[in-house]
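I opened a new notebook page for this model.

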Amino acid sequence: MSLSDTVADAPSAAAPRLPEGQGRVRRREPRTYDFRRPTKLSREHVRILQITQESFARQATTTLTSLLRTGVRVELTGIEQFSYDDYIATLPASWFVATFTLEPLAGKGVLAWPLDTAMAMVDHMLGGSGAGDQPNRPMTGMESSITGHLLARLLDELGQAFAPVTTLAPTLDSVEYNPQLAQAASGSETVMVATYSMRIGAREPEVTLVLPFSSFAGPLNNAASPQLSETAKHKRQRALEAITERLNDVPVDVSVRFNPLEVPSGDLLSLAVGDVLLLRHAQDSPLQVTTNDVTFAHALPSNHRRRLAAEIVPDTATGGKDPA
């Protein structure tokens, strides 16, 4: 049994449907579920994360297009739950892995993509085309400095995307080219992995963003069930009172009627002037008070100053009067 827990296929917290055309392959592939590591992400957590991650994807698209001076597209394809060891096991031996702090939250995050894509980004920022084979080696000091500027911009966009959920100021910590050396969390720690598809020219790499669940559990719970301030509660109460006051002045058509009578369609069609229908309404039974065909009270026939009237009575009583 695989030790990875996927949000999209876990029975206790299935992820909401992604936009049309995204994540289809992931949903159709059978996934194993490890009951020793139950899914911690609820539907509300996934919904909130999806909103923030899609916002980050849009902002990253704009930032990378500006920095690389070429067409770039970044799209969210899925959000999954892993243990950190299981996530690292999915990466090849040679990969570009940037770790960053999450101040003021505890823990570290990871932003990772193929090493040749990282080299192509440097080529673009130096005026090249980014095409062709790229070197498979650690970056030089100059290349690292150029990439560090790009990562700082992306991390700033990540903080902006999470602003509705929590205050976040990600800062680059280190860059590794062997995923096994990127110790951003303990091996058994639960992490949230957002997967993105990226297109840079002819390259279409997969990018992953990893965040520790323990650091974001509190903010996610607060975002799912926000606590209103006293000012917000007062505004809601005033709005409720205003709506109630206006609704009380809305005119409503009210009818008083006998119990409905069922008549065969043949008899109905043969009715003529002078025919008599037996209403079959019990003499001691109250009339129905209705609005929009909904019975909300009962009444007895009466009169008021030579006008026909109806006196509202309890549903189970007739008030001791004998209706005419």
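I looked up Arg137 and found it partly exposed, at 31% relative accessibility. The cut-offs I used are under 20% relative accessible area for buried, over 50% for exposed, and partly exposed in between, with a 1.4 Å probe and protein chains only. Arg137 forms a salt bridge with Glu143, and their closest N and O atoms are 3.0 Å apart. A salt bridge here is a side-chain nitrogen of Lys or Arg within 4 Å of a carboxyl oxygen of Asp or Glu. Glu143 counts as buried, at 14% relative accessibility.

I noted the ground rules at this point. The model is predicted, so local features need pLDDT of at least 70 and side-chain atom pairs count only at pLDDT 80 or more, while totals for chains, interfaces and linings use all residues. Residues are numbered from 1 along each chain as its sequence is written, and side-chain values use heavy atoms, with hydrogens and water left out.

How many salt bridges does the structure hold? I found 7. One of them joins the side chains of Asp173 and Lys108, at 3.0 Å from N to O. Asp173 lies in strand β4 and Lys108 in strand β3 (residues 108-113), so this pair ties together parts that are 65 residues apart in sequence. Helices (H or I, at least four residues) and strands (E, at least two) are DSSP runs, numbered from the N terminus. Asp173 is partly exposed, with a relative accessible area of 39%, and Lys108 is also partly exposed, at 29%.

I then looked up Asp293 and Arg257, whose side chains meet in a salt bridge of 3.7 Å, N to O. This pair links distant parts of the chain, with Asp293 in the loop between β8 and β9 and Arg257 in strand β7 (residues 255-257), 36 residues apart. Is Asp293 buried or exposed? Asp293 counts as exposed, at 64% relative accessibility. Arg257 is partly exposed, with a relative accessible area of 28%.

Strand β8 (residues 287-291) and strand β9 (residues 294-304) run antiparallel and are joined by 5 bridges. Two strands pair if DSSP finds at least two bridges between them. Thr291 has Val294 in β9 as its bridge partner. The two strands form a hairpin with 2 residues between them, and Asn292 in the turn has a positive phi of about 55°.

β9 is also joined to strand β10 (residues 307-313), antiparallel, by 7 bridges. Leu300 has Glu311 in β10 as its bridge partner. This hairpin has 2 residues between the strands, and Arg305 takes a positive phi near 55°.

I found an open sheet of 6 strands, in the order β1-β5-β6-β3-β2-β4, with antiparallel pairing. β1 (72-83) and β4 (171-176) stand at the edges with a single partner strand each, so one side of each is left without a neighbour in the sheet. The twist averages 20° from one strand to the next. Axes are lines fitted to C-alpha atoms, for helices over the stretch in contact, and angles run from 0 to 180 degrees between N-to-C directions.

β1 pairs with strand β5 (residues 190-200) in the antiparallel sense over 11 bridges. Arg73 has Arg199 in β5 as its bridge partner. Helix α6 (residues 213-224) packs on the sheet, touching β5 and β6 (206-212), and its direction makes about 75° with that of β6. Contact means heavy atoms within 4.5 Å.
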